[in-house]
Each structure stands twice: as C-alpha cells, then as structure tokens.
Amino acid sequence: MPPLCPPLSYHQFVQDGLTEMTGCHYRWYTTAEICMILDRFDGIVFIGDTMLQHIYTASTILLRQNMALGGLQQWKMSENERGACRCENQFIKNECSKFAVTTSEEVKKNDGGSGHSSPYYCDRTPLVFLPITGSPAPEEVHSSFNSLLAKDPGSYKPVPVVHSLSLSISLSWPTATASMDEWLKLADASARNTPFLWSGPVAAGHLKPPGQILSQGNNALWHYTVEMAKEARLREMDSLGMYNLTLQANSWDGSNYGEGIALVQAMMVGFSIEHFPRLRESVALTEQ
C-alpha cells in the first residue's frame, strides 16, 4: 500500500477537489480519531443549503456509527418511517429530510432508552447545522449562531465554520460572496477564534433536468467552483472543492449523490479541519 499523503499535498488535493493522487493515499479516520480532532474545538458550525446538510448528516452518521439511520431523529419516527428512510434514503427521499438531525444536542437529549437509540461515540463537542438559502439569512439563524459562539467567551479553542451555498441561490456569485461577508462579520463581532472553510458544489449528474442544465450544468458549476474558491481565499477562508470528486460519480437525480459520496465528503471536511493551515495555526495557539 502506498504511504499516506503528507498534509500539505493533501491540502491541495481536497482544496481542488481532485479525484486521484499519485504515489500516496488519503486518510480514512476511525471514529475514535474523529473524536480526537473534535476535542480540539469548542464546536463546529455548518452553515449552508441542502448540499452542505448532506455532509453534516454524513458526519452525524459517522459519529453515531449507524449507517442505516444515524443521520435522522429516530425517536420521532414510526417503524414504517424508519424502514422507508434507511441508508441511501436518508439523503434522497424528501419525506425523510424532515427527520434530519441538525444539532448534536438534540440527539443527546432525546436519543436514549429505546431499542432504536444511536448515541454518539463522543459528544463533548457540539455540531450544529444552520440552514440558509440566501443572504442575508433570517435573524433567528443569526441568533442561533451568536448563541453558540457566546457559550464560552473566554475559551481559546477555535469554533470552525463550514460554509456553503450553491444550488439554492442558482449559483449566484454576488449572493455567495455576500453570504461569506455576512457570516465573517458576525463571527468577527463575537471575538471568538472562528476559522472558515468554504465548501464548493458537487458536479451535475447526467439526470439533471433539461431545464436546469444550462444554469446549473457542469460548465456553470465549474466556473462557480473556481471563482468562489478565489473569493474565499481573498477573505482568508480556506476552500474545499467537491466538483472533481463527484464528476464521475452516479447521482440519483443530477444533484444528490447519496450516502457513499456524502461520507467521503465528510471525511474530506474532517481532514481539512485538522490540516488546513489557518486551522492548524489556530489550534497551535490553544495548545501553547
């Protein structure tokens, strides 16, 4: 087996969303290793649309070690709903999305004492998904973000923010950059250490509806990926590409790629959080 790719090489790999590296391979973390990464932070916030929610859901699945239903609020579901929403259906069925977990705290509070419980392998670091579909975001979403950052104002541990917008804004460059500025401003006002990671969109599958192929096809998605990565770096945000990762993958509807791809994306985000330069510098400051 080839050796693990060094962090700087892998940094460029995931930043560009490449599909193959030569002479080395990337890391697939165990759940215990994911927990060790999470322990470095006071929390991780995911802010974005459905594409980012899939990555958050996959992260929850990994931490709950439940591939079948780990991304869902099992305590709210009937037996029939659990059967209908298993595995891939957590990501591709609209009727299952209403049960998606959005905070680790809700799992800790509700998921226990039944035969369908899936506790977290570790639950010391809060993980939160804040849904947005444009900019500016609703005031209640701002309030949730501010409340999370205000929980331990004296802490030096970072609170990484994973941010993404794409199909929900029809790949609007001005809206995406406005959203970057909006959340950076809120984070800066908190005086907390909040490194940002911008996650780009997935590629368009061959089942993308004809009416969307011009505005949301691969040509538009690629240009959006490249330009938004540039905008993110101008704002000292790290960036993570997903386009090339999904370019040759099978999609259920031209936009959604299911559980397998989402789990790989979650691992890429995990590696980014551990190894991207700004995040690494932030963590180093907390360990001095």
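Predicted model: local features only at pLDDT ≥ 70, side-chain atom pairs only at ≥ 80, totals over all residues.
**Entry 1**

I began with the strand order, and found an open sheet of five strands that runs E2-E1-E3-E4-E5 with parallel pairing. E2 and strand E5 (238-242) stand at the edges, and each has a single partner strand, so one side of each is left without a neighbour in the sheet. From one strand to the next I noted a twist that averages 20°.

I then looked up two of the pairings. E1 and E2 run parallel and are joined by five bridges, and within this pair I found Ile44 opposite Leu127 in E2. E4 and E5 also pair in the parallel sense, over four bridges, with Val202 standing opposite Met242 in E5.

How many residues of E5 are buried? I counted five of the five, so E5 is largely enclosed by the rest of the structure. When I sorted its side chains by direction, Asp238, Leu240 and Met242 pointed one way, whereas Ser239 and Gly241 pointed the other way, and all of them are buried.

**Entry 1: H3 against H13**

I turned to the contact between two helices, where the axes of helix H3 (residues 50-64) and helix H13 (residues 258-275) come within 8 Å and cross at roughly 85°. On the H3 side I listed His54, Ile55, Ala58, Ser59, Ile61 and Leu62, which meet Glu259, Ala262, Leu263, Gln265, Ala266, Met267 and Val269 in H13. By class, the residues of this contact of H3 with H13 divide into nine nonpolar, three polar and one charged.

**Entry 2: the buried side of H2**

Last, I looked up which residues of helix H2 (residues 31-38) are buried, and they are Thr31, Ile34, Cys35, Ile37 and Leu38. These residues cover an arc of only 155° around the axis, which puts them on the same side of H2. What covers the buried residues of H2 includes strand E1 (44-48), H3, strand E2 (127-131) and H13, and I noted that H3 and H13 are the helices whose axes cross at roughly 85° in the previous entry.

Conventions: Residues numbered from 1 in each chain as written. Heavy atoms only, no water. Axes fitted to C-alpha atoms, helices over the stretch in contact; angles between N-to-C directions. Contact = heavy atoms within 4.5 Å. Nonpolar A, V, L, I, M, F, W, Y, C, P; charged D, E, K, R; others polar. Buried < 20%, exposed > 50% of the residue type's maximum accessible area, 1.4 Å probe, protein only. Arc of directions from axis to C-beta. Pairing = 2+ DSSP bridges.
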